[in-house]
Each structure stands twice: as structure tokens, then as C-alpha cells.
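Please read the briefing below alongside the sequence and the coordinates. It takes up the disulfide, the sheet, the cores and the aromatic pairs in turn.

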Amino acid sequence: RSSRSLSLVVSAPLSISTASLPAGTVGSAYSATLATSGGSGTKTWSVTAGALPGGLSMSTGGVLSGSPTTPGSFPFTVSVADGAGRTASKAFTITVSTVQTLKVSSLSIVKKVSRTGTSASVTVTVLNASGVAVASATVTGDWTVTGVTGISTKSGLTNTKGQAVISSNTYTGITGATMQFCVTSITKSGFTFDTSGPACVTVVA
């Protein structure tokens, strides 16, 4: 008679351990990774009911990514299968808000000389977090001129190309002086100002 030793590996039941998913913002990058406990082998994920917010997708590895395009509350169910064919499912909801960021993409300035004096105009290009031009945003900034006392605050509204043209006052006797415009704020309902873009631009009168 012969004997043989055998081992039996028992895996814990497969379950989805992620408790909830973070909220998203229209136009902003979104990333979240679903996690499991138990099970064995490679885990494969899929959406089995409902739908992800527009602009988001989920990989078979359980990574949700993209940039949401529509605000709202989006319920859906995901399922995961392990290497032994066991499955688990769980319902989630992602809430997408409309608060976006506005950022200065570029600044350009042009000097203007006329019979009445010297002035300048600046073109400010404003984009959202997805790099899309934003119309009807109010751009405010300060004009300063070396040798001239005080600050001149001016505002302009962006057009459909996301561009606002803001002109300075007209000055006399400032030849050789530096004219500078600095963006201080960009405002539009449902948006916040991202200050990481270019802020100031100058030209010599």
C-alpha cells in the first residue's frame, strides 16, 4: 500500500471591497480603481447594468478613467470574475457636478500709437480643463505703466473663441515706458479660476 500527500487550497469568497466612488466634475480628469478581496487568479471587470457617466470608461482591470461630459447622478452595477469563474457584483453611483476650472491659455499684447497718445490692447485666451474655449467669461486685470502713478483695472468678455480683448487707457509722454497687463480674475457661473496659467504680459511704449 502506498500513500500520497495532497494539499487543498481554499480561497476566500470573492467580493468587491471598494465602498464608494469619488464624485467627478464636468471637463476634469477622473480616475478611480475598483478593488476586490478574496477570489483567485486574474480578476476581470465589466459594467453589467446602468451606464457610466458620459466621457468615462472602465478597463477590464477595474480602472475608471476619462473626463465626464454631463452633470448628474449616474447609477450602475459592476461585476468581477476571478480565475476560478466565481463572480461578484456591486452597485455604485458617480455624481458629476458642473463646477469647472477656467485657465488663461495665452496672452498677447499690441501697442497702439495715435495722435492722442499711446495705448495697448491685450488678447486673453481662456480654456476650460479639457482645453475647450469658453465664451462669456469675464476676464479682469490690472494695467500698469512705469512712471505713471496708479493701477487701471479693466475687464472684458470672452467670445466664442474664448478670447477677451482688453484695452488700456491712452497715455502721453510715456515713450520707452513698460506697459504691463496682469490677469487678476476670470469669472463665470459654475466655474473657478485656475491661476496656474500665464498671468502677465508687457510691451514697451
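What is the handedness of the link of C182 and C200 about the S-S bond? The link is right-handed, with 115° about that bond. This is a predicted model, in which local features need pLDDT of at least 70 and side-chain atom pairs count only at pLDDT 80 or more, while totals for chains, interfaces and linings use all residues. Residues are numbered from 1 along each chain as its sequence is written, and side-chain values use heavy atoms, with hydrogens and water left out.

**Disulfide**

- A search of the whole structure finds 1 disulfide, a term that stands for a pair of cysteine sulfur atoms within 2.5 Å.
- The bond runs from C182 to C200, with an S to S distance of 2.0 Å.
- C182 belongs to strand β15 and C200 to strand β17, so that distant parts of the chain, 18 residues apart, are linked; strands here are DSSP runs (E, at least two residues), numbered from the N terminus.
- C182 is buried at a relative accessible area of 16%, whereas C200, at 42%, counts as partly exposed; buried means under 20% relative accessible area, exposed over 50%, and partly exposed in between, with a 1.4 Å probe and protein chains only.

- Strands β15 and β17 are antiparallel over 5 bridges, and M179 stands opposite V203 in β17.
- Elsewhere, strand β3 (residues 30–33) is joined by 4 bridges to the antiparallel strand β7 (residues 63–66), with G66 of β7 as the bridge partner of Y30.
- The covered face of β3 carries Y30 and A32, and its uncovered face S31 and T33; in a regular strand the side chains alternate between the two faces of the sheet.

**Nonpolar cores**

- The largest nonpolar core has 26 residues, of which V122, V124, V139, M179, F181, V183 and I186 touch the most other members; such a core is a set of buried Ala, Val, Leu, Ile, Met, Phe, Trp, Tyr and Cys residues joined through side-chain atoms within 4.5 Å.
- Two or more residues of this core come from each of β10 (100–114), β11 (117–128), β12, β14 (163–167), β15 and β17.
- A second, separate core of 20 residues includes L21, M58, V78 and I94.

**Aromatic pairs**

- The structure holds 2 aromatic pairs; rings of Phe, Tyr and Trp (its six-membered ring) pair if their centres lie within 6.5 Å, and planes under 30 degrees apart count as stacked, over 60 as edge-to-face and the rest as tilted.
- The rings of F76 and F92 have centres 6.5 Å apart and planes at 35°, so this pair is tilted.
- F76 lies in strand β8 (residues 72–81) and F92 in strand β9 (residues 87–97), so the pair ties together parts 16 residues apart in sequence.
- F76 is buried at 2% relative accessible area, and F92 is buried at 4%.
- W143 and F181 form a tilted pair, 5.1 Å centre to centre with 55° between the planes.
- Because W143 lies in strand β12 (residues 138–145) and F181 in strand β15 (residues 178–187), their pair ties together parts 38 residues apart in sequence.
- W143 is buried at 1%, and F181 is buried at 0% relative accessibility.

Methods:
Pairing = 2+ DSSP bridges.
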